[in-house]
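Dear colleague,

Please find below the sequence and structure that I am handing over to you. My findings follow directly after it.

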Amino acid sequence: MARYLITGGCGFIGRHLTSALLGDGHDVTVLDDLSSGDPAKLPSTAHLEEGCVTDADKLAKLAEDADGMFHLAAIASIAAAEANLERAHAVNAGGAENAVAAAVRSHIPLVLISSAAVYGAAGPEAVSETYPCLPLSAYGADKLQSEHYATEAAQNGGPGGKRLAATIVRPFNVYGPGQDSGSPYAGVISRFIAAALSGAPLRVNGDGNQSRDFIFIDDLIGLLTACVSRTRPGTLIVNGCTGTATSVKVLASEIGRICGGDIRTEPGLERSGGVAHSLGNPGRAAEIFGFRARIELAEGLRRTFNWQKGTTLQ
Ligand SMILES: NC(=O)c1ccc[n+]([C@@H]2O[C@H](COP(=O)([O-])OP(=O)(O)OC[C@H]3O[C@@H](n4cnc5c(N)ncnc54)[C@H](O)[C@@H]3O)[C@@H](O)[C@H]2O)c1
């Protein structure tokens with residue numbers, strides 16, 4: 001049994017990660033400022049510390065009692081970050097700097113959740129981790145800076161000279177039960193399902209040919225829990241992806257099929273910071289962790305749809 005600290009553990013990915021680690025018999029402490037996370041949805045056996053990752057002392061103190069840390073806390077969408085750039089920078093880059101410092105000080109491995117947004121407009125080919133990072137958004141730039149903090153501490157060591165064991169995960173588009181469809185920053189899958197359930201048209205931004213690599217939440221959690229077993233000092237960067245691209249148009253029709261009804265689409269606006277294609281190469285995660293995304297899109301959508309339908313009917 002190990003004790004893990006999860007920042008942002010009340011959010012979509014954090015709650016699933018918390019449940020998985022508790023299910024494996026570990027202790028979990030969550031640090032979350034509840035800015036978007038819901039404490040009522042956190043498993044009751046997790047210990048919740050309300051606080052902000054910009055509070056370096058609090059993070060350092062919590063890290064002292066942990067065997068490993070997952071840093072997820074962030075203003076987690078491009079649009080939400082753009083709505084308040086200064087705050088987003090303080091949280092997304094500054095919070096990561098504090099997480100790195102805390103992990104170095106306590107000599108614990110860090111799994112840092114970055115984002116595929118670091119790649120920017122990579123084109124339709126599958127990007128591997130060596131692909132040049134040219135983020136197009138402030139969110140992506142802050143995520144890249146957060147990676148630099150971890151890499152620096154892993155190469156050169158921090159206070160006390162100890163080098164950090166850092167695993168940096170770049171998730172692509174994560175979806176699944178528990179994702180907030182009510183937020184103005186909700187991901188495309190939860191927005192489409194919410195629209196389909198209410199009989200509203202599915203708003204397809206741009207021409208609908210833009211494509212994404214959608215990874216089901218359980219698959220990503222499998223990768224994250226494997227990552228924390230890496231305790232050797234140094235940096236490892238891995239994509240969290242499936243290697244399969246799906247266009248937004250195809251996604252809309254697949255959701256229509258699952259709904260079993262006629263869905264209507266309507267054109268929406270192009271989102272700022274948007275990239276036409278985003279597809280990851282999962283080869284490194286496969287080679288190092290034996291990782292393979294197992295949940296096909298149709299199955300993942302079905303599970304997400306059923307969950308969202310259940311919460312809508314409540
Ligand atoms: N969901 C995706 O598709 C996706 C893709 C790539 C990367 N990511 C990254 O994964 C991580 C988790 O994303 P998510 O989808 O679960 O987002 P989320 O918004 O559901 O969860 C983020 C959590 O962090 C908390 N938080 C925000 N600011 C904080 C602060 N200053 N101090 C402490 N807690 C704070 C929120 O209250 C929330 O509980 C983020 O770092 C995000 O950038 C997510």
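In this predicted model, 23 residues of domain 1 are in contact with 23 residues of domain 2. Domain 1 comprises 3-173 + 214-240, and domain 2 comprises 176-213 + 244-278 + 295-313. Their C-alpha centres lie 26 Å apart. Between domain 1 and domain 2 an area of about 1800 Å² is buried, and carbon and sulfur atoms give 63% of it. On the side of domain 1, the residues that lose the most area to domain 2 are Phe12, Phe214 and Phe216, which together account for 42% of what that side buries.

As to polar interactions, one salt bridge is found across the interface of domain 1 and domain 2, and four residue pairs are in polar contact there. The elements that give two or more residues to the side of domain 1 that touches domain 2 are helix H1 (12-23), helix H3 (78-83), strand E10 (214-216) and helix H7 (217-227). H3 provides the largest share of that side, with five residues.

I also examined the sheet. Seven strands, in the order E3-E2-E1-E4-E5-E6-E11, form an open sheet with parallel pairing. Strand E3 (47-50) and strand E11 (234-240) each have a single partner strand, so one side of each is left without a neighbour in the sheet. From one strand to the next, the twist averages 15 degrees. Helix H5 (residues 138-156) packs on the sheet and touches E5, strand E6 (165-171) and E11; the direction of H5 makes about 160 degrees with that of E6.

With kind regards

Methods
Residues are numbered from 1 along each chain as its sequence is written. This is a predicted model: local features need pLDDT of at least 70, side-chain atom pairs count only at pLDDT 80 or more; totals for chains, interfaces and linings use all residues. Side-chain values use heavy atoms; hydrogens and water are left out. Two strands pair if DSSP finds at least two bridges between them. Helices (H or I, at least four residues) and strands (E, at least two) are DSSP runs, numbered from the N terminus. Axes are lines fitted to C-alpha atoms, for helices over the stretch in contact, and angles run from 0 to 180 degrees between N-to-C directions. Contact means heavy atoms within 4.5 Å. Domain bounds come from an automatic or database domain assignment. Buried area is the accessible area (1.4 Å probe) that two parts lose on being put together, summed over both. A salt bridge is a side-chain nitrogen of Lys or Arg within 4 Å of a carboxyl oxygen of Asp or Glu. A polar contact is a pair of N or O atoms within 3.5 Å; within protein, one must be able to donate a hydrogen and the other to accept it, and residues adjacent in sequence count only if both atoms are side-chain atoms.
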